[in-house]
Amino acid sequence: MRPVDPRLLRHARAARGYLIFTVGLGLTVTLLVLAQAGLLAHALATAARGTGAAALWPALAVLLAVVAARAMAAGGGETVALRAAATVKAELRRKLTAHTLRLGPAWLGGQQTGEIATLATKGLDALDPYFARYLPQLVLAVAVPVAVVARVAAADWISAVVIAVTLPLIPVFAVLVGLHTKARTQRQWRLLATLGGHFLDVVEGLPTLKLFGRAKAQVQVIGEVSEAHRKATMGTLRVAFTSALVLELAAALATALVAVEVGLRLLAGHLGYQTALLVLLLTPEAYLPLRALGAQFHASMEGATAAARACDILDTAPPGQATAGSRLGSGAPVPADLRSSDIMLNEVCVAYPGRDGLALDGVSLAIAPGERITVTGPSGAGKSTLLALLLRFAEPAAGTIEVGGVPLAHLDLAAWRAQIAWVPQHPYLFAGTVAENIALGQPGASRAAIDHAAALAGAAEVIEMLPAGLDTELGERAGRLSAGQRQRVALARAFLRDAPLLLLDEPTAHLDAITAAEILATVETLMADRTVVLVSHGPGWEGQASQTITLHHGQLAALVAT
Ligand SMILES: Nc1ncnc2c1ncn2[C@@H]1O[C@H](COP(=O)(O)OP(=O)(O)OP(=O)(O)O)[C@@H](O)[C@H]1O
Ligand SMILES: [Mg+2]
């Protein structure tokens, strides 16, 4: 692993400024280290000569100032480091959320959501020691030994040679240990992420697990993963402690070597007292930062690993960007109005990453304005994938989609989606009020508009029954509403959105016949004057369709125009 991940500097602006600051501070501290040793040697030599206290005071005062400055640099450096870490974490979390949204559901479907949640929270928090301890130590580990060897060489070249020869032992040992622990640290992180994923699964699927009597077994699984994580952590710590011992020993032996060599030459009169003192004071300082770096390395690896994973995600190209061959965003042309333009699918194929075979295989379809297309077919045939394609959650692996004659991939994504209202197969209601959930269809909608949309969706009675009406907090996933009630809230969203293209994914699935009939009537109003693509297993929609297509294993099996 590289000491500083260049991708981190690219994704987190705050890290760049901080790095410059750290280098500056490290060089200052290096100068202070040299000054402190020099002053101390001078003061001791003066005292030994017995010239009296008066001659000592100036040197002692400066020495005190140097010590105070070192303390201030250490304290100030840590404050700045933690502040930088907080900024970097906030920036990475914000980007991670935004980028995950951009990558969309097709990508998220192939990921472990628990792992990403752990990464964005606990994982990035581990960047604190990385910034506050590891990076400053890294600068010192480079600057101080070089400066010390140079200073000692100026005073006594023989000692400088001894230090210069023994110094590389420390990083060599540290690298050997590091290579050994790398796999362990990564395993530790993976286990922690798995633990997060399992826990999320258990909490979300508790009713299912209870019913099937699997709750105990899951608790056991969590217990096992925790145990594995504990062992991995202890293993890493054991190696860390042992390596600290080895490094300590190497440094102590090297220092002793210098001490013996200096002591002998002092006795023989080949070396001045003050020079000998200076060398003895400086020698341990050369080894100290390298040893400390070894210790900080272990403490900071978790943060570095998490940051690397975050960068991996941030560097994943969103669908469309990779295939479109054009830059999306502000520069892209705005799509034609769907009220008057056709959507043409030509031999479109879709493949999901990590899946064999095609989810859609050579589908051609013309969607004229105002048309109502019903898509049927068995489970797994690719019906939802067809909607995902129109929503641009998925991109065609082959074939083209054109809107008013322009390839969809070249059009501005946000402007395209603004023309679509979508009621997914499993509508997601967020923790928030009913009104907020409906307003998702059109942020900033007036209260009257929300009321109206709720009424059109037949959600008015549902909302009346709730303790605080539209302002009732729904809680995560709106557990307090029935499936049919949730469906009505989702339909209200679509009404409020008032977009020309309406995509409905099994709007009456899981509903009883009466509720289904009611929703059917609601959808009938919603479909007026709109282009509609409606996915449905069951009968009941054919009467309103202008085209019914049937999918089988991703292929268009039948195309019935009415
Ligand atoms: N995110 C994904 N990652 C990998 N494979 C996927 C993903 N989503 C769907 N698939 C696969 O693609 C195929 C088509 O799935 P799709 O959801 O389009 O089916 P469907 O016709 O909507 O089925 P259902 O009627 O059960 O909703 C299936 O084999 C499914 O397993
Ligand atoms: Mg589906």
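**View 1. Ser 384 and Gln 425 make polar contacts with ligand 1.** In this predicted model, a polar side-chain atom of Ser 384 sits 2.7 Å from an oxygen atom of ligand 1. Gln 425 also brings a polar side-chain atom to 2.7 Å from an oxygen atom of ligand 1. Ala 381 uses its backbone instead: a polar atom there is 3.2 Å from an oxygen atom of the ligand. How much of ligand 1 does the protein bury? On its own, ligand 1 exposes 630 Å², and the protein buries 73% of that.

**View 2. A shell of 15 residues surrounds ligand 1.** Arg 355, Ser 379, Lys 383, Thr 385 and Gln 425 are the closest. Which helix gives the most to this shell? Helix H12, residues 383-391, does, with three residues. By type, the shell holds five nonpolar, seven polar and three charged residues.

**View 3. Arg 392 has a positive phi.** The phi angle of Arg 392 is near 65 degrees, a positive value in a residue other than glycine. Arg 392 belongs to the loop between H12 and strand S4 (398-403). Is Arg 392 buried or exposed? Its relative accessible area is 3%, so Arg 392 is buried.

**View 4. His 553 lies in a loop between two strands.** His 553 is exposed, because its relative accessible area is 67%.

**View 5. Glu 476 sits in the loop between helices H16 and H17.** Helix H16 spans 460-465, and helix H17 spans 483-497. Glu 476 has 63% relative accessibility, so it counts as exposed. How far is Glu 476 from Pro 6? Their C-alpha atoms are 38 Å apart, while 470 residues separate the two along the chain.

**View 6. Two cysteines, Cys 311 and Cys 349, are buried.** Cys 311 has 0% relative accessibility, so it counts as buried. Cys 349 reaches 13%, which still counts as buried because the cut-off is under 20%. A disulfide is a covalent bond between the sulfur atoms of two cysteines. How many disulfides does the structure hold? The count is zero.

**View 7. The chain is assigned two domains, domain 1 and domain 2.** Domain 1 covers residues 6-314. Domain 2 covers residues 343-561. Taken over C-alpha atoms, the centres of domain 1 and domain 2 are 52 Å apart.

How values were computed: Residues are numbered from 1 along each chain as its sequence is written. Chains are lettered from A and ligands numbered from 1 in the order in which they are written. This is a predicted model: local features need pLDDT of at least 70, side-chain atom pairs count only at pLDDT 80 or more; totals for chains, interfaces and linings use all residues. Side-chain values use heavy atoms; hydrogens and water are left out. Helices (H or I, at least four residues) and strands (E, at least two) are DSSP runs, numbered from the N terminus. Buried means under 20% relative accessible area, exposed over 50%, partly exposed in between (1.4 Å probe, protein chains only). A residue is near a molecule or strand if one of its heavy atoms lies within 4 Å of it. A polar contact is a pair of N or O atoms within 3.5 Å; within protein, one must be able to donate a hydrogen and the other to accept it, and residues adjacent in sequence count only if both atoms are side-chain atoms. Accessible areas come from the Shrake-Rupley method with a 1.4 Å probe; for residues, only the protein chains shown count as cover. Ala, Val, Leu, Ile, Met, Phe, Trp, Tyr, Cys and Pro count as nonpolar, Asp, Glu, Lys and Arg as charged, and the others, Gly among them, as polar. Domain bounds come from an automatic or database domain assignment. A disulfide is a pair of cysteine sulfur atoms within 2.5 Å.
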